[in-house]
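Please look through the sequence and the structure that follow, and keep both in view while reading. The paragraphs below go from a single residue to the elements around it.

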Amino acid sequence: MAREIFDAPIPGQSLTDEPGNYPWEHSPQYPTVEDASHVIWERLHREEVIDTIVILLRNGMTVENITRVLVFSGFLNGKFTVDTAILLSPIVAKMVASIGKKAGVEKIKVTNPKVDSTKRLLEVVAKSEDRKVDEEEIELEEGVGIMAKPNKKPKTEEDEE
């Protein structure tokens with residue numbers, strides 16, 4: 001069944017809804033980082049959760065991604081506030097990494113690799129224009145993005161003479 005184009009919330013509708021419709025709009029179940037970290041520690045040490053985490057780590061999932069899922073789902077379910085979730089992230093990451101280490105996972109990826117988004121964007125644009133990409137064309141100065149000021153001085157009338 002196709003979705004109707006008018007079957008969407010009106011802009012600003014969330015500002016007029018009755019407060020308290022969502023779990024994160026109520027008081028958190030675990031108000032402190034200590035309380036929340038103890039609960040997460042206990043839940044991470046269930047047999048089925050440990051097995052799932054080990055499988056994810058062995059298949060190349062990063063500790064950062066697993067941590068983000070765990071912390072964000074806790075926030076969405078009203079277990080803790082977003083501030084507590086941010087403070088919990090490094091603690092939960094250490095918990096996940098220690099589970100992987102204890103299970104004997106050989107290559108634990110901690111963070112996602114940093115991707116040069118400018119290079120990737122230029123490659124996508126070049127492919128969409130059906131032309132071959134020259135490596136020289138894609139090579140950019142380190143630390144310079146698309147919106148950075150050019151290093152070249154504009155030509156003046158004195159330079160042309």
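Leaving aside its neighbours within four places in sequence, which residues is Thr67 in contact with? With contact taken as heavy atoms within 4.5 Å, and with those sequence neighbours left aside, Thr67 touches Ser89, Val92, Ala93 and Val96. The model is a predicted one, in which local features need pLDDT of at least 70 and side-chain atom pairs count only at pLDDT 80 or more, while totals for chains, interfaces and linings use all residues. Residues are numbered from 1 along each chain as its sequence is written, and side-chain values use heavy atoms, with hydrogens and water left out.

Thr67 lies in helix 3, residues 63-76, where helices are DSSP runs (H or I, at least four residues) numbered from the N terminus. Thr67 has a relative accessible area of 4% and is therefore buried, a word that here means under 20% relative accessible area, whereas exposed means over 50% (1.4 Å probe, protein chains only).

The buried residues of helix 3 are Val63, Glu64, Ile66, Thr67, Val71, Gly74 and Phe75. They are on the same side of helix 3, because they cover an arc of only 165° around the axis, the arc being that of the directions from the helix axis to the C-beta atoms. On the other side of helix 3, Arg68, Val69 and Phe72 are exposed. Helix 2 and helix 4 are included in what covers the buried residues of helix 3, and after this helix comes Gly78, whose phi is positive, near 75°.

Helix 1 can be read in a similar way. Its buried residues are Val33, Ala36, Ser37, Val39, Ile40 and Leu44, and since they cover an arc of only 165° around the axis, they are on the same side of helix 1. Glu34, His38 and Glu42 are exposed on the other side of helix 1, while the buried residues of helix 1 pack against helix 2, helix 3 and helix 4.

A nonpolar core is a set of buried Ala, Val, Leu, Ile, Met, Phe, Trp, Tyr and Cys residues joined through side-chain atoms within 4.5 Å. The largest one has 21 residues, and those with the most contacts inside it are Ile40, Leu57, Phe80, Leu88 and Val96. Helix 1 (33-44), helix 2 (47-58), helix 3 and helix 4 (82-102) each supply at least two residues of this core, and helix 4 gives the most, with six residues. Leaving aside its neighbours within four places in sequence, Val96 is in contact with Ile53, Leu57, Val63, Ile66, Thr67 and Leu70.
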